[in-house]
Amino acid sequence: VEERIRLIGIDTPETKRPDTPIECFGPEATAAIEELVPVGTAIRVERDVVARDDFGRLLGYVYRADDDTFVNLRLVRDGFATPLSIEPNVTHRETIVEAAQAAAADDLGLWAACPG
């Protein structure tokens, strides 16, 4: 079954929103996601309190099936995303915030490349 999944707890720079410029480090974040979970990769999706967003996308914490890599967390820790908590889906909020703090301290990814 093919399904669009919105990764809970994180926000990546925009690259595809109509009438919106591509944000700093957006193409790099897109490439990182495509490298972590290429189309066809077996994944496990952990859901939280709210299952779908207003656009009908499945909301989830995504893990690669072969090695259990927590994709949401990895994107933040490697500097390709920032934390974005939307109640009530906050199961991994603290872990994701800690990963962002570590990425910022290490000056990784968007923390080094983007102003502000």
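Author: Start at D68, which lies in the loop between β4 (58-64) and α2. Helices (H or I, at least four residues) and strands (E, at least two) are DSSP runs, numbered from the N terminus. This is a predicted model: local features need pLDDT of at least 70, side-chain atom pairs count only at pLDDT 80 or more, and totals for chains, interfaces and linings use all residues. Residues are numbered from 1 along each chain as its sequence is written, and side-chain values use heavy atoms, with hydrogens and water left out.

Reader: What's the phi of D68?

Author: Positive, about 65°, although D68 is not a glycine. Most residues other than glycine have a negative phi. D68 is partly exposed, with a relative accessible area of 44%. Buried means under 20% relative accessible area, exposed over 50%, partly exposed in between (1.4 Å probe, protein chains only).

Reader: And D19, where is that?

Author: In the loop between β2 and α1. D19 has a positive phi too, about 60°. At 85% relative accessibility, D19 is exposed.

Reader: Switching to peptide bonds. Is E87 to P88 cis or trans?

Author: Cis, with omega near 5°. P88 sits in the loop between β5 and α3 (93-105). Most peptide bonds are trans.

Reader: How many aromatic pairs?

Author: Three, from a search of the whole structure. Rings of Phe, Tyr and Trp (its six-membered ring) pair if their centres lie within 6.5 Å; planes under 30 degrees apart count as stacked, over 60 as edge-to-face and the rest as tilted. F25 and F80 make a stacked pair, 5.6 Å centre to centre with 20° between the planes.

Reader: What does that pair tie together?

Author: Parts that are 55 residues apart in sequence, because F25 lies in the loop between β2 (9-11) and α1 (26-36) and F80 in the loop between α2 (71-77) and β5 (82-84). Both F25 and F80 are buried.

Reader: Why do Y63 and F70 count as stacked?

Author: Their ring centres are 4.6 Å apart and their planes at 15°, so the pair is stacked. Y63 is buried at 8% relative accessible area, and F70 is buried at 11%. Ring pairs link Y61, Y63 and F70 into a cluster.

Reader: What sits over the ring of Y63?

Author: The charged end of R44, 4.1 Å from the ring centre. The rule: NZ of Lys or CZ of Arg is within 6 Å of the ring centre and within 35 degrees of the ring normal.

Reader: New topic. Which cysteines form a disulfide?

Author: C24 and C114, with sulfur atoms 2.1 Å apart. The cut-off is a pair of cysteine sulfur atoms within 2.5 Å. The S-S torsion is about -95°, so the disulfide is left-handed. C24 is in the loop between β2 and α1 and C114 in the segment after α4 (110-113), so the pair ties together parts 90 residues apart in sequence.

Reader: Are they buried or exposed?

Author: C24 is partly exposed at 35% relative accessible area. C114 is buried at 19%.
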